[in-house]
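Subject: Structure for your files

Hello,

Here is the structure I promised to pass on. My notes on it follow below.

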Amino acid sequence: MGGLVQKVKLFGEYIPWFQSMRDKGAIAFDELGLPTPKTEAWKYTKLRDLNTDDLVIEPSNFLAEMRVAAEEACGCHHEDGGCGCHHHHGEGCCCGHHHEEGECHCHEEGHVCECQQKLHVPFEAYVIHFEKGKMIPPFPDFPRGVEVMNLMEAVLTEDAKEYLGKVVDIKLHPFAALNNAYMEEGIYLCVHKNVKVDKPIVLINHTKSGEENIFFNIRNLVVLEQGAEAEFVEWYNYTGAVKSRYFANVVNEIVLGKNAKLSHYKLQDEAFKANHIALSVVKQKADSNYHNFCLQRGANIGRNEVKVLLNDENASAEVDAAYIMSGWATLDTTTDILHLSPRTYSSQLVKGVVGGEAKGVFQGKIHIAQDAVQTEGNQLHRALLLSDTAEIDVKPELEIFADDVKCSHGAASGELDENQLFYMQSRGIGREEAKQILIDAYLNEALDKVKNPEIRAWLSDYAHAPQE
Amino acid sequence: MNSQKPEIIDESGDKYKYGFVTDIAADSAPKGLNEDIIRFISQKKGEPDWLLEFRLKAYEFWKTMKEPTWAKLNYDKIDYQDLSYYSAPKQKVTPKSLDEVDPELLQTYEKLGIPLKEQEVLAGVVAVDAVFDSVSVATTYRQKLAEQGIIFCSISEAVKEHPDLVKQYLGSVVPYTDNFFACLNSAVFTDGSFVYIPKGIRCPMELSTYFRINAKNTGQFERTLIVADDESYVSYLEGCTAPQRDENQLHAAIVEIVVNKNAEVKYSTVQNWYPGDKDGKGGVYNFVTKRAACRGENSKVSWTQVETGSAVTWKYPSCVLQGDNSSGEFYSVAITNNHQQADTGTKMIHIGKNTTSKIISKGISAGFSNQTYRGLVRVAPKADNARNYSQCDSLLIGSHCGSHTVPYVENRNKTAKLEHEATTSKISDEQLFYCEQRGIGEEEAVSLIVNGFCKEVMQHLPMEFAIEAAKLINISLEGSVG
């Protein structure tokens, strides 16, 4: 695993409480090692394609970021002045958007190549830009009561000290341990007591292909104080040659205070040969509500794991997801909902569409601790297989130690209904189009869980775009 | 040689009525497991060389294996060298008829409610093979069955009398490399039943094996092999009990079933090994590998199990659906009370086209017990139109027990339709109140509700078994309410 464990100069080595977390992470990863097919939590997601040997970790960028932030520079930095990305013949447009044929304008005269521009989302938002796992200053102006910093800044000011590294248990998650070892980039987001953020906060990580296959770690810490409300969106995006084989390792630590409410959305749209492994761990206090929706459509190995600890009474969580895939990809959705107190509620809906030679994985677990009575936990996973070579592996798990509970899970998989296709064909809709309509409708059930209509529309566009 | 006396007096108030010990002289192998012991067993049973070789190969392989730890079970490490791998009631000569069987043994089975005297049985409904510790002591109705060409005897006899059949099928469904406990069994198995149903024959009566562990510090390793040839049918029952002892007894069995074209096998188990006392002391460790191979077209296998006993249960009756249009069914009721632990479920491997499988699992946990349903449904790339329906329901009684569900679903064929559902709940207060209001006591009400909860499975049991099983369920749950 030469590529994953490297010596890199990172900022903050002189801060003992922080550096010790990095050290512990390195030790824990060394002990745990990469998961093998025998590792139960990784039973179906085989990591042999991870190919970590030639991964490169870029050195610390923190001081440079700080300087730029201080200068309030324009935010458009291309050292060589050019666009930096190479357009090869036959590889199509690299700008990351999905155009109808012939509609791409980014090479016309007078038009700035889109990969030189910053990406934007089609809705009002506070946008924070990352490139290849490194923050691109400056931050947008946040309203009063919302504190956003570079993670290292929050380490320096000790704002992050209370929760950083204390939500996720690195002994259980090898990639989180690895993330600890390289902890530097990421954001610290804190919403103060009773503050309701007016617009979604969006983190865009944009990766452009380069010569090297880079490995980057992002660690975000999100704290919502009592009664606070926010929407947090993560978008992992890619432009450049399809061949690029980078590795993104993301860990989010989320703490919700009493009565706080967080909607957490994610779009994973990485390069088809890239690997993306993410873990979000959420700790919830009484009466808080957490909603997570993740759409995965890119990456070679893509794993989105969400672990929710419902620590106090009346906390509730909804963890929904959708995935759509083709090619040789493995997309893994793993959830672990721990009901640790009485009267806690959770629901999950995951829907997937698997084509090509791809493999969809769903592992969902509901754990109910002893005494966590009068809890309710529901889970449903449904998958659609489009091709003869597609595969779907499902492991929904219930672990219940209390008697007065209501728990259920369901899992189903199958192909498109011939009768429905026939019905539409008999009304003059072509077979391919009819298929697309059915797939869209299939995914819509999960997408409907996204409460913000603008974000839903944005995600729907990606969910419904035919895959290349 | 050692004769045994009852060692503990039952003061726990448990209602395990099969907890007595038969005082009978026994031939036992010394403790420990090594090549010599395997040779000793093989020699004792007068086995041919090929079987000894099979055992030794298994033993060599077993030495390289590690005991699995993935099950949600928590038990003291088993010292495989501290067990005796062979124990047989001493008999001067091999009995030719029931009259020659030791009366003490006959009495034991009478006490257990297993009539071995043919005339006493309800006119020919059940034929019984009685296995006591490591040997089969009697098989009834052999003559009558033989008239139709059905072979029903102990596996040791089958090795001698029908070596070709045994050689052809032994280990063909569960190879000795399969898992730790199956491998151990392959090395040291002592007895069990062998059934062969020839082409086109419907077995006229239920066949049954009754297993009893008696001797102290022995493991029971039985091996059952059932072969149903084309267009045949058999219904097979299995029951088991053991005396109440302070230490844990080991039971590691293998059941192999081969089902050919258009044949059907129904296998029912009522497992009632000693579950240990109220504080979880003693009880049988039950590690069983059961597997059926549906080799022919339209073949059918159905597993029905009622699991009430054992301190630890590790058991996954499986169906390998190789033949086109073959079908597998699994109906299970598992009840755990006090400190019992059960990790049980099934595997349905769809290989042939149009194969169907159905899983109905009902789990009831009470007291401090823990129960896990662990199942696998796998659809191979060529299993077009495979169909599976799984339903796992759990009922929890009391706030200290646990119930877990771990189904694995692996689908590699787009035309397959797979459904899985699971629910967990407790007995609702409304239901209890309704019963109590009508003058039904709390315990009786619980048993009424539990029986209703299990009904879907119970109706798949043969009649004689269903009555016994319903009684067992009530006994198992006694003391779990209030």
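This is a predicted model: local features need pLDDT of at least 70, side-chain atom pairs count only at pLDDT 80 or more; totals for chains, interfaces and linings use all residues.

I began with strand 12 of chain A, which covers residues 289-296. Because 6 of its 8 residues are buried, strand 12 is largely enclosed by the rest of the structure. A residue is called buried here if 20 or more other C-beta atoms lie within 10 Å of its own.

Strand 12 of chain A has parallel partners. With strand 10 of chain A (residues 261-268) it pairs in the parallel sense over 8 bridges. In that pairing, His264(A) has Asn292(A) of strand 12 as its bridge partner. Strand 14 of chain A, residues 316-325, also runs parallel to strand 12 and is joined to it by 8 bridges. Here Tyr290(A) is placed opposite Ala317(A) of strand 14.

Next, the nonpolar core. In soluble globular proteins, nonpolar side chains tend to be buried together. The largest nonpolar core in this model holds 258 residues. Which residues have the most contacts inside it? They are Val308(A), together with Val195(B), Ile257(B), Val259(B) and Val265(B). I looked at Val265(B) in more detail. Leaving aside residues up to four places away in sequence, Val265(B) touches Ile226(B), Ala228(B), Val234(B), Tyr236(B), Ile257(B), Val259(B), Ala292(B) and Val301(B).

On the contact of the chains: 32 residues come from chain A and 31 residues from chain B. On the chain B side, strand 22 (387-397), strand 23 (402-411) and strand 24 (417-426) each supply at least two residues. By class, that side of chain B has 11 nonpolar, 13 polar and 7 charged residues.

Last, a helix pair in chain B. The axes of helix 2 (residues 49-63) and helix 7 (residues 180-188) come within 7 Å and cross at roughly 145 degrees. The crossing is left-handed. Helix 2 contributes Phe54(B), Arg55(B), Ala58(B), Tyr59(B), Phe61(B) and Trp62(B) to the contact, and helix 7 contributes Cys183(B), Leu184(B), Ser186(B) and Ala187(B). By class, this contact has 8 nonpolar, 1 polar and 1 charged residues.

Regards

How values were computed: Residues are numbered from 1 along each chain as its sequence is written. Chains are lettered from A and ligands numbered from 1 in the order in which they are written. A residue is buried if 20 or more other C-beta atoms lie within 10 Å of its own, exposed if 12 or fewer, and partly exposed in between; C-beta atoms are placed from the backbone. Helices (H or I, at least four residues) and strands (E, at least two) are DSSP runs, numbered from the N terminus. Two strands pair if DSSP finds at least two bridges between them. A nonpolar core is a set of buried Ala, Val, Leu, Ile, Met, Phe, Trp, Tyr and Cys residues joined through C-beta atoms within 7 Å. Two residues are in contact if their C-beta atoms, placed from the backbone, lie within 7 Å. Ala, Val, Leu, Ile, Met, Phe, Trp, Tyr, Cys and Pro count as nonpolar, Asp, Glu, Lys and Arg as charged, and the others, Gly among them, as polar. Axes are lines fitted to C-alpha atoms, for helices over the stretch in contact, and angles run from 0 to 180 degrees between N-to-C directions. A crossing is left-handed if the near helix is turned anticlockwise from the far one by less than a right angle, and right-handed if clockwise.
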